Structures are given as structure tokens and as C-alpha cells.
Amino acid sequence: MTRKILIVGGVAGGASAAARLRRLDENAQIVLFERDDHISFANCGLPYYIGGSIQDRSRLLVQTPEAMTARYRLDIRVRSEVVAVDAAARNVTVRTRDGRTYEETYDALLLSPGAKPIVPPVPGAGLDAVTTLRNLADTDRIKSLVDRQGTRSALVVGGGFIGVEMAENLREAGLDVTLVQSSGQILAPFDPELASMLQTELERAGVRVLLHETAKAFRELAGGAVETELAGGGFIRSELVVLAVGVEPDTAFLHGSGIPLGERGHILVDESMRAGADGVYAVGDAVLVRELQSGRPSAVPLAGPANKQGRIAADAICGLPSTYKGAQGTSIIKVFGLTGAATGRSEKTLREQGVPYEATYVHPASHAGYYPNAAPMALKLLFAPDGAVLGAQAVGADGVDKRIDSIAAVLRLGGTVHDLAELELAYAPPYSSAKDPVNMAGYTAENILAGRMPVFHAPELAERDESATLLVDVRSVMEHEAGHIPGSLLVPVDELRERLAELDPSREIWVYCQVGMRGYTASRILAQQGYRVRNLSGGFKTYRLFEAAKRMDEKASQARLQAPSAVPIAATSEAPDRPDAAGGAAAASQPQGGSGAAPAAVPARDGSGAIGTAVQEPLGGSRADGRHAVRQDGLPSSDARETASVSSAARAAVETVARPLASFAPAAAAPAAVGDAPARAGLPQPDATLDACGLSCPGPLIEVKRRMDSLEPGQVLRVQATDPGFGEDVGAWARMYGAELLQAGRAEGGRFEALLRKRPAAALAASGAPASTAPAAAPAAPEGSTLVVFSGDLDKAIASFIIANGAASSGKKVTLFFTFWGLNVIRKPERVQADKGLVGKMFGLMMPRGSTRLGMSRMNMGGLGAKMIRGVMKGSGISSLEELIQTALDQGVEIVACSMSMDVMGLKREELIDGVKVGGVGYYLGKADQSGINLFI
């Protein structure tokens with residue numbers, strides 16, 4: 001007997017079910033109703049057509065009614081809306097676009113009505129320029145508004161996936177874009193610290209983000225523009241408003257049908273996608289399914305689950321035992337140069353559900369660091385006390401998708417962190433590292449579970465009892481100076497064993513490094529010495545993520561409280577023409593003005609970057625109702641350029657949000673993207689370029705210092721580097737050196753790029769910065785650094801010269817004072833004839849001659865350890881000890897041999913390498929007196 005199967009709705013769930021049904025039953029009568037013109041289109045691609053990434057509209061059409069009818073012999077009825085269902089009678093009521101209605105009976109009914117955008121019940125929501133995005137008709141409407149003459153700005157209401165994608169693509173289309181979000185973060189599936197990275201990326205690209213803000217009303221202005229009144233008291237003027245505050249199931253036609261619905265109208269289904277009526281099935285965004293791990297009811301409006309559910313429902317209709325085991329919410333989003341992805345439950349969700357969990361953070365590179373264009377990422381793993389994987393999130397420029405997909409597969413199969421550690425994943429330098437980021441997350445989780453690495457998390461710092469704990473930074477001096485957690489004691493990990501006496505054993509030691517690796521090493525040293533110790537998960541980078549999220553939330557809340565209603569926000573749209581999409585986006589976000597002081601400003605929500613400021617003196621006159629309007633920055637008119645300059649300078653006067661993996665900018669300029677394109681308007685063309693790609697820290701800074709020393713005052717250097725820390729280091733280096741950082745951020749391929757200007761001596765003197773403006777000139781008022789090197793071990797010698805080179809590259813005067821066994825580091829490698837006594841000759845025979853023969857302080861293994869560490873350094877692009885020594889000499893580092901120690905050891909001046917001075921304790925004390933930092937190695 002031929003069965004009659006009705007399908008309500010196409011696109012992902014309905015269309016995939018129709019195709020599967022025909023493959024399983026060639027004789028069934030399959031009727032598909034679609035109220036619009038298109039049964040199968042790429043709804044996830046709609047924003048990218050609006051933004052111009054997808055040029056050809058026809059590419060959005062996955063299947064046409066004609067093509068699907070020809071291939072699958074379906075009865076497809078477009079422009080036909082099912083307006084009622086009678087489950088008891090097994091029929092549906094259909095209304096055609098011309099108003100005709102009729103009934104159709106069924107043996108099986110598959111519902112795929114989807115979800116519709118929520119339109120908030122506020123005045124003016126029905127205006128022509130206020131729209132939502134659901135289908136191709138909406139897309140065409142928005143596209144026509146974007147391309148319309150005079151459209152210069154857009155407001156996006158809602159910071160979920162659709163809202164953020166629309167904000168990005170409207171910005172790519174050349175519009176001045178503001179996004180308002182009611183909560184304290186965008187993209188709710190991510191935890192705040194990861195979401196802050198994506199918000200920073202939006203702001204870097206010129207999208208203004210207003211948190212804790214909602215639209216109160218929309219009013220039509222002359223020319224079709226819209227004035228949006230915000231609940232916080234401000235006003236935004238734009239030519240387009242996109243509502244993206246969420247979706248709700250489009251199931252009103254099912255009321256009274258006999259099909260059970262949830263509280264919000266979702267169709268209730270079992271694991272075979274059967275609804276609560278005989279012969280009725282449902283799939284897609286309108287259904288309520290079970291969460292994979294918890295079993296709780298969950299709505300997951302994503303294309304992937306909808307396609308799978310359509311296939312499973314078709315199987316069930318045909319008698320096959322397929323089941324949908326639950327949703328885990330795996331998702332991904334592109335935000336300009338970054339990618340964010342997540343799977344499973346977030347930390348917020350786990351807390352809300354009362355589920356015990358642990359968390360770990362890692363900050364690996366997308367592939368081997370020595371291979372070009374490795375890009376850093378932040379990866380967060382959530383797991384249960386028994387090791388079960390609960391969820392993961394990642395943000396980065398490259399490689400994020402495959403890491404989250406790998407973890408999603410383990411989570412789907414009920415795997416643990418031990419499975420992550422043991423996964424054998426594809427490796428070659430261009431694609432990954434021998435220890436993949438997924439493996440690294442598994443390793444750190446295993447260490448936490450085994451008690452080998454007790455951790456603390458950045459939010460716990462706010463509650464830390466300083467009398468019972470000691471916070472220790474185990475990074476290098478240069479890293480500490482570039483930024484550290486307040487109240488921390490600096491004890492570099494390589495000095496930790498010799499400085500244990502400085503640590504109070506009665507207090508718990510909280511250690512941290514940059515990303516957690518050195519902190520782990522330090523915690524193992526201390527634990528085996530009897531100390532109670534915890535390591536900061538994810539290190540200083542993760543701390544900065546939490547600080548960024550906190551500041552974003554606090555500043556948005558503060559702005560909302562303090563913004564006076566008499567100083568509204570408005571994006572003026574008075575210019576008759578908009579630049580084309582290629583130039584509009586750049587012009588709208590270019591930094592303006594230079595380093596002049598900002599005029600008086602009051603907090604407001606102008607959305608310019610992470611902090612909102614509004615100029616107290618209104619620009620552009622008054623509105624018709626007498627209330628002043630303050631323009632947003634980034635407009636092309638002369639008034640607007642002035643506003644941009646003021647806004648950038650005012651914003652820079654406020655404490656800036658830390659921006660890992662994103663852009664860094666000095667007080668004089670707003671953050672902006674950088675790439676291979678010519679410098680934007682307002683930025684000078686570089687006089688010199690430097691390719692520091694492939695060099696590891698502090699190599700890029702050393703090369704920057706060399707090149708800057710060779711430039712004339714006022715000249716500009718463009719630098720590219722792949723070292724993950726360069727983006728953070730270059731800002732601190734510029735401050736110490738006295739250079740002006742014009743622009744910094746991420747370029748294509750995961751590279752970091754910076755534009756630096758060498759300041760004239762007069763400007764440096766006025767600012768009080770070190771006057772490192774000429775190759776041979778010493779800084780005007782440097783803070784010197786002195787290192788006493790007592791050890792002749794290879795690893796400690798390497799550390800000494802890395803620190804020395806890093807300090808010297810920032811303009812500091814550095815003195816290395818070698819004494820006793822440290823003298824072996826600066827001996828010549830070849831045999832030198834010298835007049836010595838018997839004891840001196842004996843010492844000469846027993847001691848290693850020069851840096852190439854030094855052994856390791858630990859794990860020397862008859863010299864094999866030294867060879868291994870040199871091999872690792874070479875493979876990682878790190879300069880050898882001999883190269884570091886020569887670099888130090890070239891940078892003007894003063895290398896001094898202790899005369900007393902030379903006498904005791906029987907060494908002569910001619911046995912030391914060229915460029916070494918000989919001095920006594922008085923010389924050292926004199927240098928130490930001029931130094932702010934003194935290290936003993």
C-alpha cells in the first residue's frame with residue numbers, strides 16, 4: 001500500500017528528510033509544503049552574501065523545487081502554508097498565497113516549521129528600516145537597504161551568533177556598525193573570558209559594542225533613517241536596524257492540534273523524533289530534544305542537528321531503528337580575523353546545573369612554532385572529577401575548528417581527558433605540533449586530576465588571603481616588566497632552586513608564568529621541597545582574558561549608570577554618499593589625530609572600542625527637539641574626522657582593556673587591523689621593514705632594537721613576527737625604549753605586525769621616556785640592569801644572555817659581571833698560550849674552555865643533555881649561546897670579568913673573548929648602584 005507522507009517546511013530538516021524518505025521508499029507519496037519560494041537554501045550563508053563574501057546569490061540555493069522534483073519525484077508545493085493540523089483526523093489545512101485553503105490527509109506527518117526571529121514589543125519595530133534575518137526575502141531586503149544611496153550606518157540589536165555575524169558583514173559592506181547586547185557579554189555559549197577575545201576583535205575592526213543595553217523604541221526620521229532610543233538614555237541614528245535578539249519556535253499553527261508543545265512552544269519529541277501524536281514526527285529548530293550529557297530538555301537551533309534529525313525521522317517513518325542521542329551544541333563562528341568554537345557545556349551552564357567540574361587552559365600555537373605563520377590560540381577544557389570531558393571552547397586565528405571537532409568527537413563517545421592525551425592526531429609542522437593542542441589540554445587535565453599540579457584560577461585572585469598565600473611570578477624579568485599581576489614577587493623559574501630561602505614555607509605559594517608551562521615546572525620544584533603550591537591555570541594570558549572580560553562588563557555598567565540623558569548617542573547619516581565597501585570599512589575605523597591631549601569627556605555609550613566616551617561639547621549642533629547629539633567617530637566629513645580624533649584620544653585616556661591575540665595601540669591611536677595592504681589614512685608609510693618571523697623571544701625585540709637604532713628620529717619601522725608573545729611584548733618594549741607605537745595587531749596568516757616611529761630627542765625629553773634615539777647614544781635616564789653570573793652551566797648562561805639581550809633591547813644599560821665558574825662562559829674556545837703558575841695550569845685543564853663546552857646544571861648525561869638543548873634551540877629558531885653572546889656585545893651590553901676570580905682561577909686576560917672588560921668588586925658595586933635590577937645567577 002502506498003503511504004502518503006506530508007512534510008511541513010523545507011530547508012535543513014524538511015528537505016533532508018524528504019530526500020532520505022525517497023531513498024528508503026520509492027513508492028511513497030511525498031508532499032512537501034513550503035510557504036516561501038525556496039525549499040532548500042544556505043540560511044547560514046545569508047550574512048556573508050550581505051557582506052559581500054559570497055558574490056553570487058544563486059550559490060545560496062542548495063536545491064530548487066524543480067531540481068528536487070526531478071531527482072526525487074516529490075510533490076513540492078511552494079507558496080503554500082500549513083495553517084492548522086488536526087492530529088486526531090490526520091489532516092492539515094493549507095493556505096496558498098492567493099488566499100485559497102484546502103485540506104490534505106496523511107499517513108505520516110513530519111513537521112519542520114523552524115524558528116522565527118523574536119521581534120521585541122517596542123514602538124517602531126515595524127518600520128521599513130527595522131528588519132530581521134530568516135530567509136532569502138529578508139536577505140534581499142537588507143541587501144537593498146545596505147546598497148541604497150545614503151546608507152552609512154547600521155545598528156544590530158543582539159549579540160548572539162546571528163547578531164555578531166551580521167555586525168561583521170555589515171562592517172565588511174562598509175557601514176558604520178553598532179551592536180547592543182542586553183547582558184554583560186556577547187555570544188552566550190562562550191564563557192566571558194573567551195567571549196571577551198571575540199568582542200575585542202569586533203572592536204578592533206571598528207564595530208562598537210554596547211553591553212548591558214537594549215533598544216527601547218524606534219522612531220522614523222526624515223529620509224527613512226531610524227532613531228533608536230536605548231533603555232540607558234542614549235539615542236543612535238542609523239539607516240538600518242537588524243533585530244537579532246533570539247528565535248522562537250514557529251509553531252502557533254499547532255495550537256489546538258492535539259500535538260503536545262513545551263512552555264515556549266517547542267514540539268516535544270522522543271529519541272526517534274516522534275511527536276506526541278500518532279504518525280507525527282518533528283525535527284529542526286522547533287523541537288525540544290535532550291542534552292547529550294545531562295539528559296535535560298534543550299533547544300538547539302543549529303543546521304547540523306536539524307539535518308541529522310531529518311534523517312532519523314525518515315528512518316523512523318520507514319521502520320528503521322535510528323535514534324537521536326542528544327545535542328551537545330557544537331558551534332563555531334568567524335569574527336573577522338578570529339575563530340571561536342565551542343562544544344558541550346560551558347562553565348556557566350555547569351555552575352547553573354550544579355555539576356562538579358574542573359577547568360584547564362592552554363595557549364598553544366596552531367602548528368609548530370618554527371614553521372611560518374603559527375598563530376596562537378586559547379583553549380579551555382572542562383572536565384568532571386572522574387575525567388569525563390564536559391565541554392571545551394577555543395578562540396584563535398587558525399586551527400581552532402579541528403581542535404574543537406576532535407574534542408567534540410571524544411565528548412560524543414563519552415570519552416575522558418585520558419583519551420584526549422592519548423589521541424593520535426595527524427602531525428606535520430605546517431599543520432600541528434608533535435604534542436597537539438588537544439593532547440596538551442589532556443595532559444594538563446591529567447596532571448590536575450592526579451594531584452601533580454594543583455591549580456588556581458584567575459577569579460580566585462580577588463579572594464586571595466595575602467597573609468596565608470604568596471603570589472610568585474616565575475617568568476623572566478622582561479616579561480614581568482611588560483606586565484604582571486599586582487602584588488606578585490618575581491622569582492624566575494631558573495633561579496627558583498637557589499632562592500627558596502625567600503619563600504615563606506608557612507604560606508601556600510601561588511605561582512604563575514605566561515601560559516602555565518613554567519608554572520608547572522615551578523610547582524613541581526616547590527612541591528618536592530615540601531611547599532604547598534598551586535599553579536595559575538593558563539598563566540598570565542588567561543588572567544588578562546578575565547581582566548578584559550571584567551573591565552568590559554564594569555565599564556559598560558558604569559557607562560550605563562553615568563551617561564546623562566542630555567548627551568545622547570547618535571550616528572549621523574547626513575552625508576549624501578557612502579564610500580564603496582572596499583574603502584568604507586577602512587575609512588570608518590582609521591585612527592585619527594595623533595598624540596594630542598583629549599578634551600574633557602564624560603562617560604557615554606558611543607561604542608568606540610572597549611570604552612565609551614562622549615565629547616562634552618556636542619558636535620554637529622542640536623536636534624530638532626533641542627537635545628544635543630554626539631556623533632560616533634569614523635565618519636568621513638570634516639566634523640566627523642574631528643570627532644574621530646577626539647573619541648580616540650579620549651578613549652586612550654581611560655584604562656585600556658588587555659587584548660591578547662588581538663590589537664594593541666598606544667594612547668595616541670585607536671586599535672586598527674593591519675595587513676599587507678598599504679597603511680591606512682592618517683598613518684605614515686614605513687621607512688624600513690623588518691621580518692622577524694620564525695624568531696623566538698627575545699629575538700624579535702632584539703632585531704627591532706637593532707633596526708630602530710639605525711633609523712633617524714621620526715622614521716617609521718614596520719615589523720612582522722610570528723612569536724606568540726610579540727603582540728604583547730612590543731607595546732611594553734616601545735614604552736621602555738621610548739618609541740611611538742602607531743599600530744599593532746594581527747596580520748594575515750597568524751603573523752603579528754607593528755608600526756613603530758622613532759621619536760625625536762625633544763619629544764622623548766618632554767615625555768620622560770628613555771632617549772634611545774641613536775645607535776651610539778645611551779638612554780638619557782635609563783634604569784640599568786646588573787647580572788652577576790657565578791655559574792658555568794650552559795642552561796644558566798643561556799638564561800643570563802636572554803635576559804641581558806631582552807633588557808638591552810628595551811634601552812636599558814646592562815652589565816654582566818662574571819665571577820668564579822661563570823668565567824668559563826666567556827673563555828675563548830681555542831687554547832691560548834699564557835704565562836701561568838702550576839695551579840693556574842691545573843685549573844685551565846680541568847675547567848671547560850669556552851661556551852661550546854659547557855654542561856647542563858641538571859640532566860647533563862655526560863654532555864648529551866647539552867647537545868640536546870642546543871638541538872632543541874636550533875630547531876625552535878632560538879639563537880645559540882654563542883650568538884646570544886655576540887648579540888649582547890653588539891647591543892652594547894657590558895661584559896665584565898671579575899679580576900679577583902681570575903686571579904684565583906689562574907685565568908689571564910688574553911684567554912677571554914674579545915670585548916670583555918676586567919673589573920673588581922668596586923666596579924661592580926658602582927654599576928649595581930646605578931641599576932634598578934640586580935640578579936645573581
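In this predicted model, the side chain of Ser488 comes within 2.8 Å of the backbone oxygen of Ile485. A second polar contact, of 2.9 Å, runs from the Ser488 side chain to that of Tyr512. Ser488 is found in the loop that connects helix 12 (477-482) to strand 31 (489-490). Its relative accessibility is 14%, so Ser488 counts as buried. Leaving aside residues up to four places away in sequence, Ser488 touches Leu471, Asp473, His480 and Tyr512.

Tyr512 also takes part in ring packing. Ring pairs join Tyr512, Phe540 and Tyr543 into a cluster. Phe540 has a charged group over its ring: the charged end of Arg475 sits there, 4.5 Å from the ring centre. An arrangement of this kind involves Tyr49 as well, where the charged end of Lys143 lies over the ring at 5.1 Å from its centre.

Aromatic pairs number 7 in the structure. One of them is formed by Tyr361 and Phe546. The geometry is edge-to-face, with 6.0 Å from centre to centre and 75° between the planes. Tyr361 belongs to strand 26 (residues 358-362) and Phe546 to helix 14 (residues 539-562). The pair thus links distant parts of the chain, 185 residues apart. Tyr361 has a relative accessibility of 5% and therefore counts as buried. Phe546 is buried too, at 18% relative accessible area.

Phe790 and Phe936 make another ring pair. Their centres are 6.1 Å apart and their planes meet at 25°, so this pair is stacked. Phe790 lies in the loop between strand 42 (784-789) and helix 20 (794-809), and Phe936 lies in strand 46 (residues 931-936), so the contact ties together parts 146 residues apart in sequence. Phe790 is partly exposed, with a relative accessible area of 34%. Phe936 is exposed, with 54%.

Charged side chains were examined next. Across the whole structure, 45 salt bridges are found. In one of them, the side chains of Glu479 and Arg518 meet at 2.8 Å, N to O. Glu479 is part of helix 12 and Arg518 part of helix 13 (residues 517-527), so the bridge ties together parts separated by 39 residues in sequence. Glu479 counts as buried because its relative accessibility is 14%. Arg518, at 28%, counts as partly exposed.

Glu495 and Arg499 form a further salt bridge. Their closest N and O atoms are 2.9 Å apart. Glu495 is buried, with a relative accessible area of 6%. Arg499 is likewise buried, with 18%.

Arg827 and Glu911 also meet through their side chains, in a salt bridge of 3.5 Å, N to O. This bridge links distant parts of the chain, 84 residues apart. Arg827 is in the loop between strand 43 (814-818) and helix 21 (838-846). Glu911 is in the loop between helix 24 (899-905) and strand 45 (916-919). Both residues, Arg827 and Glu911, are buried.

Strand pairing was then considered. Strand 7 (residues 91-96) pairs with strand 8 in the antiparallel sense, over 5 bridges. Within this pairing, Val94 stands opposite Tyr102 of strand 8. The hairpin has 4 residues between the two strands, and Gly99 there takes a positive phi near 95°.

A separate description applies to the open sheet of 3 strands, arranged in the order 20-22-23 with mixed pairing. Strand 20 (267-268) and strand 23 (297-298) stand at the edges. Each has a single partner strand, so one side of each is left without a neighbour in the sheet. Strand 22 (residues 287-290) and strand 23 pair in the antiparallel sense over 2 bridges. Here Arg290 has Pro297, in strand 23, as its bridge partner.

Notes. Residues are numbered from 1 along each chain as its sequence is written. This is a predicted model: local features need pLDDT of at least 70, side-chain atom pairs count only at pLDDT 80 or more; totals for chains, interfaces and linings use all residues. Side-chain values use heavy atoms; hydrogens and water are left out. Two strands pair if DSSP finds at least two bridges between them. Buried means under 20% relative accessible area, exposed over 50%, partly exposed in between (1.4 Å probe, protein chains only). A polar contact is a pair of N or O atoms within 3.5 Å; within protein, one must be able to donate a hydrogen and the other to accept it, and residues adjacent in sequence count only if both atoms are side-chain atoms. Contact means heavy atoms within 4.5 Å. A salt bridge is a side-chain nitrogen of Lys or Arg within 4 Å of a carboxyl oxygen of Asp or Glu. Rings of Phe, Tyr and Trp (its six-membered ring) pair if their centres lie within 6.5 Å; planes under 30 degrees apart count as stacked, over 60 as edge-to-face and the rest as tilted. A charge sits over a ring if NZ of Lys or CZ of Arg is within 6 Å of the ring centre and within 35 degrees of the ring normal.
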